[in-house]
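Trainee: I am new to this structure. Please show me how to read it, one feature at a time.

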Amino acid sequence: MAITQNHVINIQPGVSAPLVIHCSQGDTGTQINLTVVNGDEEFDCSSYACSVHGVRSDGGNWGPITCTVSGSTVCFSLTSAMTAVAGACLAEISVGTVGTANFTMLMENATFGNGVTYSNDVSVYQSILTAVQNGLTIEKSERVTAVTNEKNERIAAVTNEKNERIAAVTNEKNERIAAVNAEATARQTADNTLQGNINSEASTRASADSNLQSQINQIVAPSGEAPSAAEVQNARIGADGVTYDTLGTAIRTQVRELKGDLSDVQDALEYTLIKGINRFNPATMNTNMVIARNAGTNYGNITADSNYDTSDYIEVNGGDTVSYYMHINTSYTTLVKTAMYRVGEYDENKNCITVTADWVSSPYTVGSTTKYVRISFAQRTGNKEIILNGDDSSTVKYTPFNDYSEYAFVKDTKDAMKICDVTESIADLLWYSDCGRNKLNPEEAEVNKSISNSTETYGDTYTANGYTTSGYITAKKGDNVSYYYGVKQYSAVSKDTPFRIAEYDENKTCLTVTANWTGMPYTVVNAKTAYIRMALNKLLADVNIMITVNEVDLSTIEYEPFTSTAHLFNVDKVTPDVNLVIPAKVPCVVNMPLYVYNRAISYGYNDYNALLFSYNNYKNKYWINRTRVTPTSEGTTSIVVNVFGEGNNILANGIFSIVAVDNTAHGSKSTSVLIIGDSKTEARYKGDKLKELIDADNNLTVTFLGTQQCGEIHNEGYSGKSIIDLCRTASFGIGRPNIFYDSNISATNKFSFSKGVTTLGATPDIVFIDMGANDWNLDWADVKGCYDSIIESIHSVSQSIKVVVSIQEGVCEHLRTSNFNNDHSIPSQFVGTSSSQKLIAEYDDRESENIFIIPQYLNVDPMLDYPICDLPISEVNPMRVPLCVDVIHPGINNFAWSSSASYKLYDWIHVTDNGEIIGYACAKANTNVNPLTDDGTNWVKCENANAGYYKIAYMYYYMLWYLLTVND
């Protein structure tokens, strides 16, 4: 029977399951209409030649058959070659060079019951399973390729960065050495000049003393002769040309001024010595104390507070800059510039002049009359530095405190007054060994060679097939050396035992060769050792090999190819580039929860289990990755966020405020709201939950405006449309005009809010712009131009309308390790930057203009609040892996956390072999050993409460109350 069937097929790999078309042997002539989509958008096939071909269940081939094309619709008719045999007919459609997609036609027996139908044909299921597995294999291959490309790009980027840093550090080293030499030369010249001046002054004084003695002798001469008036008069004239009243006054005044000049020189020299040097003395630190800034007698004094420590008084000059650096791990020598909690300024008598507000950025500039400062900082163990007049570097190398009391000075022999420093020591320049990196340079390795322990050839290499001997690797006494190898197709390498290890001095003369098969790690024993070599019973062509110095003693590590950057000067390992995306304030309602997800507020780094997030000193880590705030009273609470990496070094920090509104303390509120958005607005889930929250609130009445209605509320939600479409597209499909489009506007952006208001028949009090799901690969200038045009058009109708820019939630975390990379540019991917960061920077903190942002992304987990399931990797490898089935839209049926401590929540929905979705599983504690059963017998289902859409609705509810009370 010839009929027409209509189907949709997606030519983007991995987006949807294979299409299955049900038909019968009697359907010869039936027309199949396939609407072709690529991702979320229909794909116009008019410019491409389209065809289908396939193979019947008996193995017979048919096609290719040329299809007719109309826009995105590709049509073909069933032929007798297709319907000749009952069973599964596997087919493929080709759209020019754009792509292909597989589908299955299940061909029922024409007798409808007198023969065997596909529903009882085991081969049909086998064919379908094979097709699905083939599709998964292709997708896996593509993902592996993408991950490999990304890994290579990162390795190349890190290598370039290291090379640039080495070049920069080398230049800095040379510049510093040149500067030190120049300073030493200048000081020697100054010392010589000063010594000459001293000698000259001594000679002058000796001559003056002789003349004075002669004059005295004349005064008291036995002959009774009177002194020479001309000589006394001449002595009253000072070196500065001033004539003094008496000879004694002339002498005393000039000596006193000379002492003052010398003191100024000494002060200048001492000030130069401490510039850029650590002025924090841990021995005089005031533990569990903070600088008070409350008005009264305690202002500027230190008071008890177990969260902070405070430095002692540090001497400064007016206009000096003060910077604070710290690291909470004492084993790290690189300190990071950090905000100070408070800075107190004091006069020469240590009376307080002023105390700063909380959390002062470094560097801080002191006042012109300030003589001392004290610094309060968050209580942390580890190394700290307070630097005066530093170069404002983001990191510094740690140097212990030194009060310079041991310095020797040239002294005036009469009163022991210091004149200048002559023994300043210059710190040795230390090279930082890049510990843990692969030291085996394949270009220097000797293949089929081992190390000799014979007396005549001790430490030399000799021919030994199947062995590899490394080149000379820099090492010193006490260093731990390890050797790892692994199969080339795997990324991990395991610790192994080398055949021999030899130590050499700086001239590469062998000092010792170990016994055969020395265990790892090996500790270098000779004080004269400068190099080591290893002989290994492996060949580089066969396996991956790593030789490391001072690696953490692990049995297995990630393989890393050799790079020439064996040493770095004053540089630690590359720090992960972690950035925080946080707004100035976040609205909330009293006694209602607000979640802040670590993955949602940060980007630029994938291994979140390696990071530790701190919220007001409360730290959380690992896959839960969130903090929860439930305000109990109305008001504003500041939240300080710190992100710690390896060794607890701070990688990023920031601050935001939670503004809690008591929805029972402001009387009844009513308002009208228009939500303009994409598919996340058009879908009913967010709106239904928002309506539920409003209906349960006796103090809130909201009228929703819009020509669209999906579920409980009206809106202007346009599935598949971007912010640019909203400004430049007249129609969004049949019967769906863009009510804001005005062709009479000559500008590129033709958004007219007044035209939309006419269609709506009312002007809203609040407008939410909730776009972003489809803003892929758009230029930021275009995106910003559209937002500005929309906001300007809304305020041209009424400046009192509150415009809210939504900062949409990001893409599902499961795809970040392949092609998305968690940069907050998905789905709102503006070229070259983070969409969330740019939107916040542009539209946050503009409430005086009636422009607000709603940071809804904070409350949505980028992984667990999306619809996900798990599938086996392949028939050969049954291990199950999580798979996100929708990377754009949050979930609506995700499951809540288990409240019982005896259960452990698993990360994803489980799908059994027959396709049944069991849901999030809470595995009993004893199943840590015994795996979960596929039938769910040892699983515990959780309640349906943790949906991503619902969390967005809560953020809307919080925002409404904030907007309605912000001026109360």
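Trainee: What covers the buried residues of α7?

Mentor: First, the ground rules. This is a predicted model: local features need pLDDT of at least 70, side-chain atom pairs count only at pLDDT 80 or more, and totals for chains, interfaces and linings use all residues. Residues are numbered from 1 along each chain as its sequence is written, and side-chain values use heavy atoms, with hydrogens and water left out.

Mentor: Now the terms. Helices (H or I, at least four residues) and strands (E, at least two) are DSSP runs, numbered from the N terminus. Buried means under 20% relative accessible area, exposed over 50%, partly exposed in between (1.4 Å probe, protein chains only). Here, the cover over the buried residues of α7 includes α6 (679-682), β48 (700-705), β49 (708-710), β50 (713-717), β51 (766-770) and α13 (948-965).

Trainee: Which residues of α7 are buried?

Mentor: They are Lys686, Gly687, Asp688, Lys689, Leu690, Leu693 and Ile694.

Trainee: How many aromatic pairs does a search of the whole structure find?

Mentor: Rings of Phe, Tyr and Trp (its six-membered ring) pair if their centres lie within 6.5 Å; planes under 30 degrees apart count as stacked, over 60 as edge-to-face and the rest as tilted. The search finds 22 such pairs. Take Phe740 and Phe753: their ring centres are 6.1 Å apart and their planes at 5 degrees, so the pair is stacked. Phe740 sits in the loop between α8 (723-728) and α9 (753-760), and Phe753 in helix α9, 13 residues apart. Both Phe740 and Phe753 are buried. Tyr957 and Tyr958 make a tilted pair, 6.3 Å centre to centre with 55 degrees between the planes. Those two tyrosines are buried as well.

Trainee: Which residues have the most contacts inside the largest nonpolar core?

Mentor: Start with the general idea. In soluble globular proteins, nonpolar side chains tend to be buried together. A nonpolar core is a set of buried Ala, Val, Leu, Ile, Met, Phe, Trp, Tyr and Cys residues joined through side-chain atoms within 4.5 Å. The largest one here has 86 residues, and Ile601, Ile723, Phe753, Phe768, Ile769, Tyr787 and Tyr957 have the most contacts inside it. Helix α13 gives the most to this core, with 12 residues. A second, separate core of 26 residues includes Ile32, Val36, Ala101 and Phe103.

Methods: Contact = heavy atoms within 4.5 Å.
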